[in-house]
Amino acid sequence: MTDNHGQVAGLLLAAGGGRRLGGRPKALLEHRGRPLVEYAAGVLREAGCTRVHVVLGARADTVRERAELPGCVLVDNPEWEEGMGSSLRAGLASLRETGARAALVSLVDQPGIGPEATARLLAAHRSPATLASAAYDGRRGHPVLLGADHWAGIAATATGDRGARAYLQTHADAITLVECADVAQPYDIDTVSDLAQYLQ
């Protein structure tokens, strides 16, 4: 059995500018009275990730001022406007010299995915060759666990808003699906109506 807590780093992508939210950065959306990025980073910690890197972009200085992220490594992505792919590349690059054998990648705008589902995915780690993904009624979703052996290939194909999607599509046979529909809801907060429905 592997010591996943020390070998898998949490990687939170929180750089988006919230274009469809009227330019409100998703990291700063309020959830339970605090910035959403705090909740999302806390989920990774509670799930068992002892190292958490948070990729910031839109209004990064304001996020640093308002959000309490003790113990997290904050990674600036100056190219955040290019989309999620640039944030994933920046995050994986920040992990290269840490000794992490895998990255558990989550998105800041999915508060319906909590520590229980995230811990299930963490438990799927076996080696740097592991690829695993949360699944919802058999459909692949987030978060995803990316073994270090795959980081270079993922970075080479992570463009625009695709993130790791292209790489995972070409390596579908290698992905371990971890069913999480019983403990999580994989909605995204992309629009103003999403805000009203999912955040308080």
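Student: Hi! How much space lies in the largest pocket?
Tutor: About 1200 Å³, in this predicted model.

Student: And which residues lie nearest its centre?
Tutor: Those are K26, M84, L107, D109 and D161, out of a lining of 38 residues. The elements that each give two or more residues to that lining are β1 (8-14), α4 (84-95), β6 (102-107), β8 (139-147) and α7 (165-170).

Student: Which one gives the most?
Tutor: That would be β8, with six residues.

Student: How do the lining residues divide into nonpolar, polar and charged?
Tutor: There are 15 nonpolar, ten polar and 13 charged residues.

Student: Switching topic: how many salt bridges does a search of the whole structure find?
Tutor: Nine. K26 and D109 come up again here, linked with R20 and D190 in a network of salt bridges.

Student: What about R34, which residue does it form a salt bridge with?
Tutor: Its partner is E38, and the closest N and O atoms are 2.6 Å apart. R34 is partly exposed at 33% relative accessible area, while E38 is buried at 16%.

Student: Nice. Where do D76 and R64 lie?
Tutor: D76 is in strand β5 (residues 73-76) and R64 in helix α3 (residues 60-66), so this pair links distant parts of the chain, twelve residues apart. Their side chains meet in a salt bridge at 2.8 Å, N to O.

Note on methods: Residues numbered from 1 in each chain as written. Predicted model: local features only at pLDDT ≥ 70, side-chain atom pairs only at ≥ 80, totals over all residues. Heavy atoms only, no water. 1 Å grid on protein atoms, 1.4 Å probe; cavity = no way out; pocket = protein on both sides within 12 Å on 5 of 7 lines; lining within 4 Å. Points joined across faces, edges and corners; volume = space filled by probe spheres on them. Helix = DSSP H or I, 4+ residues; strand = E, 2+ residues; numbered from the N terminus. Nonpolar A, V, L, I, M, F, W, Y, C, P; charged D, E, K, R; others polar. Salt bridge = Lys/Arg side-chain N within 4 Å of Asp/Glu carboxyl O. Buried < 20%, exposed > 50% of the residue type's maximum accessible area, 1.4 Å probe, protein only.
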